[in-house]
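This report covers a fold, an interface between chains, and one residue. The sequence and structure come first.

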Amino acid sequence: MNLFFKAKKVLHGFAFEADWAIDNELAVLFGYSGAGKSLTLQMIAGLLAPDEGFIKLNGDVLFDNKAGIDQPPQRRSFGYVFQDLALFPHMTVLGNILYGAHGLSEEERRQRAKEMIEQFMLAGLERKFHHEISGGQKQRVAFARALIRRPAALLLDEPFSALDNPLRIEMQNFLQQIRRNFPIPVILVTHDLTEALTLADKLIVYGGGKVLQVGKPVEVVNAPVCPDVELLVKNPMMLGKK
Amino acid sequence: MEHPVLFSLVLSIRVAAVATVFIVFVGVAVAFFLSRRDFWGKELLDTLLTLPLVLPPTVTGYYLIVLFGRNGLIGRFLFEWLGWSIMFTWYAAVLASFVVALPLMIKTTRAAIEAIDENLIRASYTLGHSEWWTALKVILPLARKGILAGAVLSFARAMGEFGATLMLAGNISGKTSTMPLAIYSAASSGDRVQANIMVLLFTLIAAMFLYTANKLNKRVLL
């Protein structure tokens, strides 16, 4: 299992360029706000087309401007968890989860939804709407909805950023548990240093629309390749201020 | 023989109801394309369809005569093929109401669709659902209040249509005399009692619709 990402994009005067690859691991895109981390996830998921580039998942070319390939998001097998979770307010917990089980038989949908509800500790909440459940429960619904289709990779756009500290730690542990049950590549966007260092198998440091450094967290912390990376991994107070 | 007040009331409701059915289908489709698609001449189309909102209804009516009159650009062919003209029938009142009230539907529905969080639509795409399925299962249900408010406002506007209806359908007693037209006839012929009854009845109905529309969509200020 692997994912190649290479893209160039100019958007509203912001020039973005990145090139990296990951295996079946948890990769963290880490860096200042506005460095192009969320943009990367959108390009991988097919929500935004790069100006030029090449994106490949498990041997399947998703985007290649030279070959004229640009698969729509519907044909790309990603589970995507948005920063605001994007739960459908007009659907119940069960409705949201079932909506993710697209392209399966009715029996299979029900069976998988049952499994997900059990696995994500949502029993008893099936008929509730998103304004009737807690922050942690909302997170679990969003993950269940993204994973019920058994996607080939999981994309997480700062899903824990709005949580308070104890819940954030609980969700980070939960994510590691999910990794054991769903052994697929995960790309997590964050600007939280602790989160990045705790969770990452591979750290991809972004800055100013570019990839500054790729490596294991310990490598990046011990040997930052430039002052910008050093500032990022040693002085987390700077985050979000640039 | 049916009482003229009752006839006008029933005709007005029938005209407004039929017009509203068409308005909902056309208005939702147009609003959807205006808010979700980019195409050449998009704002021009929006302006053209919204124009009846600001034009005097007589001007709109005049355009409709130019188009649908017996010698009109479209009406000529209808008359040649079917030997039938829409002019001075209750269908003409429906057509006039449709054109005049459609902008209200488009405006409210477009605003409701554009207010939907883009991430909800993107989430639907990443879950494998097509644009059409997303429109049906996410966009329209989330815009339903705006759509309902638009429909109620359009119905009220269609009920009250006067100028364009007069030009296109005429004011034929017992045939095309909708309530606003009947009120005009009663007032100009000095029949105060009938005019008073109809005016009060109409005010009550209009107020009821406006109240409902406001309840449905507090963001819409029209």
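Predicted model: local features only at pLDDT ≥ 70, side-chain atom pairs only at ≥ 80, totals over all residues.

Residues are numbered from 1 along each chain as its sequence is written, while chains are lettered from A and ligands numbered from 1 in the order in which they are written.

**Chain A**

Eight helices and eleven strands occur in chain A (DSSP runs numbered from the N terminus, with H or I over at least four residues for helices and E over at least two for strands). Chain A is as compact as a globular protein of 242 residues, because its radius of gyration, 18 Å, is close to the 18 Å of the globule rule (C-alpha atoms; 2.2 Å times the number of residues to the power 0.38). Further values for chain A are tabulated here.

| Property of chain A | Value |
|---|---|
| Box filled by C-alpha atoms, along the principal axes | roughly 50 × 45 × 30 Å |
| Buried residues | 42% of the 242 residues |
| Contacts between residues 24 or more positions apart, among those with a separation of 6 or more | 66% |

A residue is buried if 20 or more other C-beta atoms lie within 10 Å of its own, and a contact needs C-beta atoms within 7 Å; for both, C-beta atoms are placed from the backbone.

**The side of chain B that touches chain A**

The interface puts 14 residues of chain B in contact with 17 residues of chain A. On the chain B side, helix 6 (118-126) and helix 7 (131-142) each supply at least two residues, and helix 6 of chain B gives the most, with six.

These two helices of chain B also pack against each other, at an angle of about 145° and with axes 10 Å apart (lines fitted to C-alpha atoms over the stretch in contact; angles from 0 to 180 degrees between N-to-C directions). Helix 6 of chain B contributes Leu120(B), Ile121(B), Ser124(B) and Tyr125(B) to this contact, and helix 7 of chain B contributes Thr134(B), Val138(B) and Ile139(B).

**Leu156(A)**

Leu156(A) lies in strand 8 (residues 153-157) of chain A. Leu156(A) counts as buried because it has 25 C-beta neighbours inside 10 Å. Leaving out residues up to four places away in sequence, Leu156(A) touches Val81(A), Val186(A), Ile187(A), Leu188(A) and Val189(A). Ala146(A) is ten residues from Leu156(A) along the chain, and their C-alpha atoms are separated by 9.9 Å.

Technical notes
Buried ≥ 20, exposed ≤ 12 C-beta atoms within 10 Å, placed from the backbone. Contact = placed C-beta atoms within 7 Å.
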